[in-house]
Amino acid sequence: MSNLVTRRKLITTGLAGAAGLAGLAVAERVADRYGLIPPDCGGIWGMGETLNYATQRVLMSYHSMAREFARSEISKVVPVSGRPPKTELYERLSNDSFKDWRLKVDGLVAHPASFSLDEIKSMPMRSQITHQACEEGWSFIAEWHGVPLSHVLNTVGVSNRARYVVVYALDDTWDSLDLPDAYHAQTFLTYGLNGDEISNDHGAPLRLRVARQLGYKSVKFLSRVSLVDSLKNVGNGKGSISPDFGYSWYAGI
Amino acid sequence: MAGSTYIPELAEGRATEAREAARHGLVVRATHWIFTLSFFGLVVSGFGIILAHPHFYWGETGGIGTKPLFSLPLPTMLGGPSGWGRYMHFQSAWIAVLAGLLYVVSGVLLRHFRDEFLPSKAELTWSSLCGSLLEHLRFTRPTQDESYNVLQRLSYLGVVFVLFPMTILSGFAMSPSITSVFPWTVEVFGGHQTARTVHFFLSDLLLLFLIAHVAMVILAGFGSRMRAMILGRAAAGKEPR
């Protein structure tokens with residue numbers, strides 16, 4: 001190889017490299033601004049997670065509906081994964097049919113509120129017969145009854161600075177949704193399952209249902225909903241406790 | 001190629017020579033090894049995910065209360081393997097799909113598939129196919145005058161254009177958000193659990209192909225084939241062309 005070729009190659013490679021880096025930096029800014037970077041974007045698996053989440057948010061509709069099924073297709077058994085918390089508080093609330101339980105709604109909202117189970121049940125009820133798959137591989141179809149989360153969000157008035165909805169549960173777990181999934185028509189706060197009150201095993205008194213994501217996103221035993229503009233200062237900063245156990249924050253896959 | 005003076009005619013002559021001797025172009029070689037690594041990641045993580053629930057079903061749903069189609073004799077391991085398995089599976093899948101796309105696009109543009117993999121009509125007769133199969137069964141060493149025999153051509157095309165796309169599609173069919181936008185991805189399989197079972201069998205077929213592929217490479221001369229896939233040229237002299 002002659003020096004001439006090497007020098008020319010060096011310059012073009014250098015320019016291409018610089019352009020590539022600048023492009024990446026700009027892409028990262030744009031992606032963050034349009035909400036395409038998931039909170040668990042760090043670490044060795046961050047690239048795959050970011051590509052999953054960004055691609056889906058760019059290419060797919062915010063409003064696509066998860067498949068709904070006929071009553072005849074409802075699974076005979078609704079498997080239980082994760083038992084109710086064995087705390088004194090939960091036992092006391094449960095023994096009293098959750099009469100003393102409240103759902104707190106706070107954060108970036110115009111009117112912070114706290115609702116009793118009866119107040120939530122008096123909101124417009126919706127039902128959905130949807131398929132829920134666990135990340136482990138098993139799945140079932142069930143009918144869920146509850147109020148769309150969007151109704152509660154509209155009731156308290158969400159600030160336009162809010163970007164995520166964080167949910168907290170009585171078993172000390174917590175998770176979060178971006179606004180497209182929080183306002184999605186099939187994202188419910190459910191209190192009924194297959195025509196009955198939801199059982200403690202399935203998440204009483206109130207369970208989140210996120211039809212376009214895997215089962216672990218449908219958080220059980222809810223106690224609080226909080227609106228935030230960033231997840232960086234919430235808990236571990238990864239949007240959920242799931243990434244600490246290896247499960248991605250975005251479970252739409 | 002270590003000359004310090006630059007003589008265009010000479011350099012061009014050498015380049016033509018190199019092109020003639022080259023078995024695999026740069027894109028093929030680079031994507032081959034990137035793909036190898038990511039495929040390894042997919043297999044390891046896929047196995048890890050199965051460990052969380054080594055039971056397979058047919059239809060839409062399956063789990064406790066459903067009779068499995070079959071179960072693998074594996075311990076059920078919750079937590080770890082399916083967790084990092086998922087992160088690793090999607091990361092590997094992205095790398096595999098991007099490298100695969102680059103390979104397919106360059107292969108189509110450079111007529112790699114048409115020239116080297118598309119069998120001629122004469123090769124697609126029963127006698128030609130049986131002849132090639134017999135040669136394989138008798139472990140006849142391939143002659144070097146043709147690049148790939150008809151069975152090789154068909155299996156490479158099948159893996160690239162049928163098995164991999166079907167595996168990706170059955171993966172899409174398990175995604176609750178992708179199926180909300182494209183319900184047909186799961187409907188063509190007849191249900192979520194069927195797609196999962198099909199995904200498992202397609203992956204097994206890909207693994208079988210990998211085993212056959214490596215076995216053939218070893219039979220055909222491991223050193224020279226590895227050299228060809230890494231450096232682009234088969235060892236001169238060892239392999240008459």
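This is a predicted model: local features need pLDDT of at least 70, side-chain atom pairs count only at pLDDT 80 or more; totals for chains, interfaces and linings use all residues.
Colleague: What makes you say that chain A and chain B touch, and how many residues take part?
Modeller: Two residues are in contact if their C-beta atoms lie within 7 Å. The contact takes 39 residues from chain A and 33 residues from chain B.

Colleague: Which elements of chain A give two or more residues to the side that touches chain B?
Modeller: Those are helix 2 (46-59), strand 3 (126-133) and strand 4 (139-148) of chain A. Helix 2 of chain A gives the largest share, six residues.

Colleague: What is that side of chain A like by class?
Modeller: You get 18 nonpolar, 14 polar and seven charged residues on the side of chain A that touches chain B. Lys and Arg would go with the charged ones, while Gly counts as polar.

Colleague: Why are some residues of chain A called buried, and what percentage is that?
Modeller: A residue is called buried because 20 or more other C-beta atoms lie within 10 Å of its own. In chain A, 43% of the 253 residues count as buried.

Colleague: How do you know where the domains of chain A are?
Modeller: The bounds come from the domain assignment, which gives domain 1 (1-33) and domain 2 (67-245). The C-alpha centres of those two domains of chain A lie 47 Å apart, and the C-alpha trace of chain A spans about 85 × 40 × 35 Å along its principal axes.

Colleague: How many helices and strands does chain A have?
Modeller: Chain A has six helices and ten strands. Of its contacts with a separation of 6 or more, 68% join residues 24 or more positions apart.

Key:
Residues are numbered from 1 along each chain as its sequence is written. Chains are lettered from A and ligands numbered from 1 in the order in which they are written. Helices (H or I, at least four residues) and strands (E, at least two) are DSSP runs, numbered from the N terminus. Domain bounds come from an automatic or database domain assignment. A residue is buried if 20 or more other C-beta atoms lie within 10 Å of its own, exposed if 12 or fewer, and partly exposed in between; C-beta atoms are placed from the backbone.
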